[in-house]
Amino acid sequence: MGYPGQRPVIPPQSHRDDRETLVSEHKHKGKTCRQSAAVFNVVNSIIGSGIIGLPYSMKQAGFPLGILLLFWVSYVTDFSLILLIKGAALSGTDTYQSLVNRTFGFPGYLLLSVLQFLYPFIAMISYNIITGDTLSKVFQRIPGVDPENLLIGRHLIIVLSTVVFTLPLSLYRDIAKLGKISLISTVLTTLILGIVVARGVSLGPHIPKTEDAWIFAKPNAVQAVGVMSFGDLFENYCRNDDLVTFGRFCYGVTVILTYPIECFVTREVIANVFFGGNLSSVCHIIVTVVIITVATLVSLLIDCLGIVLELNGVLCAAPLIFIIPSACYLKLSEEPRTHSDKIMSCVMLPIGAVVMAVGFVMAVTSPQDCSHGQEMFYCSPDNFSLTNISISHLQLTTQLSILNDSEIQVIQPGKSQLVLLWSHTVQHTSP
């Protein structure tokens with residue numbers, strides 16, 4: 001700006017170009033950062049702590065069939081996303097909710113909203129339970145800490161982790177701000193997998209083989225489809241294993257860092273249904289606090305959520321993945337019945353209904369046993385340690401000498417016989 005009577009000062013062309021370049025680079029950098037955050041959030045929500053529960057599904061279904069089901073569920077999930085994209089293009093919508101609303105009206109939209117709310121909300125409850133159970137075992141390993149101390153009890157851990165970590169993180173309005181948190185969670189998940197592999201190599205030869213470990217299929221295969229996203233693998237390890245204790249700590253942190261993403265989904269559903277998609281600052285805080293408070297209270301009252309999670313899988317996940325996308329596409333598409341997408345949709349829809357019905361009946365009539373907090377037989381205090389103590393032939397002979405001579409015939413201990421021999425010793429020496 002010049003003096004009166006002067007012509008305005010025009011910045012040189014080079015300066016203007018530099019400024020435009022800086023602004024353009026800033027916008028491009030911001031867009032790249034948001035895309036990176038979105039990638040980490042998606043990876044965290046898909047992989048997250050759920051990958052730790054896959055062995056449980058394999059056990060329920062049978063290992064060979066479990067592997068096939070895992071690939072099949074992955075393919076069906078990918079195909080469902082394709083159907084949603086095609087359905088959105090046919091209906092002129094850009095969200096799952098608006099697609100169902102355009103296709104089936106308000107009743108369909110309301111049903112979808114209920115399913116979309118319940119699925120992550122129950123996941124939040126399970127995350128709280130896992131956090132309390134896992135971190136309580138970690139704190140019990142601190143030297144000089146009484147395992148019965150209330151300060152390291154699961155209830156207090158759930159409350160403190162909620163107030164200190166999950167609630168503040170869940171109060172963010174922009175999910176992109178959780179990108180760095182999701183990156184940390186993904187790195188910790190990688191560490192956990194490394195620990196599991198290491199213990200699989202070191203403990204595998206010493207653990208007795210299960211008779212039906214390689215059976216192709218088991219009766220609980222349908223339940224395995226519904227529960228392929230939960231389970232605590234660390235329940236199989238001893239509490240005195242220092243490496244696994246570190247893995248438990250990483251697992252607890254990972255679950256805490258995954259929790260806010262589930263809260264974002266539940267809050268978004270409430271905002272869309274009751275507030276037209278927009279929440280004021282005050283309503284944002286109130287809705288978030290109410291959701292987290294209810295989830296925390298439920299998790300404090302329940303310590304074994306197996307049947308609830310199974311019902312969540314078969315009653316919420318199955319419709320969201322199998323039934324609703326297929327139904328929307330079949331109603332909107334004008335392709336001939338012989339079209340590959342229509343054939344696949346006609347197959348997926350009844351399969352989803354069967355998974356819902358059979359899974360619900362099996363979950364109610366044959367609930368899985370809750371082994372919550374129980375040590376495996378090879379972790380007994382009277383047993384030997386497979387992780388922190390090296391067993392010698394002399395130690396084994398000394399322990400076996402307390403058996404009656406009439407009960408000992410031939411002792412040729414080998415690595416594969418250690419567990420069985422020692423278990424036999426415990427049975428005969430226990431009071």
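1. Helix 4 (residues 96-140) and helix 9 (residues 281-301) have axes that come within 9 Å and cross at roughly 55 degrees. Helices here are DSSP runs of H or I with at least four residues, strands are E runs of at least two, and both are numbered from the N terminus. Axes are lines fitted to C-alpha atoms, for helices over the stretch in contact, and angles run from 0 to 180 degrees between N-to-C directions. The angle makes helix 4 oblique to helix 9. Under 35 degrees counts as roughly parallel, over 145 as roughly antiparallel, 65 to 115 as roughly perpendicular, and the rest as oblique. This is a predicted model: local features need pLDDT of at least 70, side-chain atom pairs count only at pLDDT 80 or more, and totals for chains, interfaces and linings use all residues. Residues are numbered from 1 along each chain as its sequence is written, and side-chain values use heavy atoms, with hydrogens and water left out.

2. Which residues of helix 4 and helix 9 meet? F121, M124, I125, N128 and I129 in helix 4 meet I291, I292, V294, A295, T296, V298 and S299 in helix 9. Contact means heavy atoms within 4.5 Å. The residues of this contact divide into nine nonpolar, three polar and no charged. Ala, Val, Leu, Ile, Met, Phe, Trp, Tyr, Cys and Pro count as nonpolar, Asp, Glu, Lys and Arg as charged, and the others, Gly among them, as polar.

3. The crossing of helix 4 and helix 9 is right-handed. The crossing of helix 3 and helix 4 is left-handed. A crossing is left-handed if the near helix is turned anticlockwise from the far one by less than a right angle, and right-handed if clockwise.

4. Helix 3 (residues 63-91) and helix 4 have axes that come within 10 Å and cross at roughly 55 degrees. They are therefore oblique to each other. Helix 3 brings L84, G87, A88 and S91 to the contact, and helix 4 brings Y96, L99 and R102. By class, that contact has four nonpolar, two polar and one charged residues.

5. Now for single residues. G252 is found in helix 8, which covers 242-274. Is G252 buried or exposed? G252 is buried, with a relative accessible area of 0%. Buried means under 20% relative accessible area, exposed over 50%, and partly exposed in between (1.4 Å probe, protein chains only). Leaving out residues up to four places away in sequence, G252 touches T131, T134 and L135. G252 and S136 are 116 residues apart in sequence, yet 9.7 Å apart in space, C-alpha to C-alpha.

6. S182 lies in helix 6 (residues 179-203). At 1% relative accessibility, S182 counts as buried.

7. F275 sits in the loop between helix 8 and helix 9. At 36% relative accessibility, F275 counts as partly exposed. Its contacts, not counting residues up to four places away in sequence, are I270, C283 and V287.

8. Check the length of helix 11 (residues 340-365). At 1.5 Å a residue, its 26 residues should span 38 Å, and the end C-alpha atoms are 37 Å apart, which agrees. The expected span is 1.5 Å times one less than the number of residues. Among the buried residues of helix 11 are D341, M348, G352 and V355.

9. Last, the whole protein. There are 13 helices and zero strands. Buried residues make up 40% of the 431 residues.
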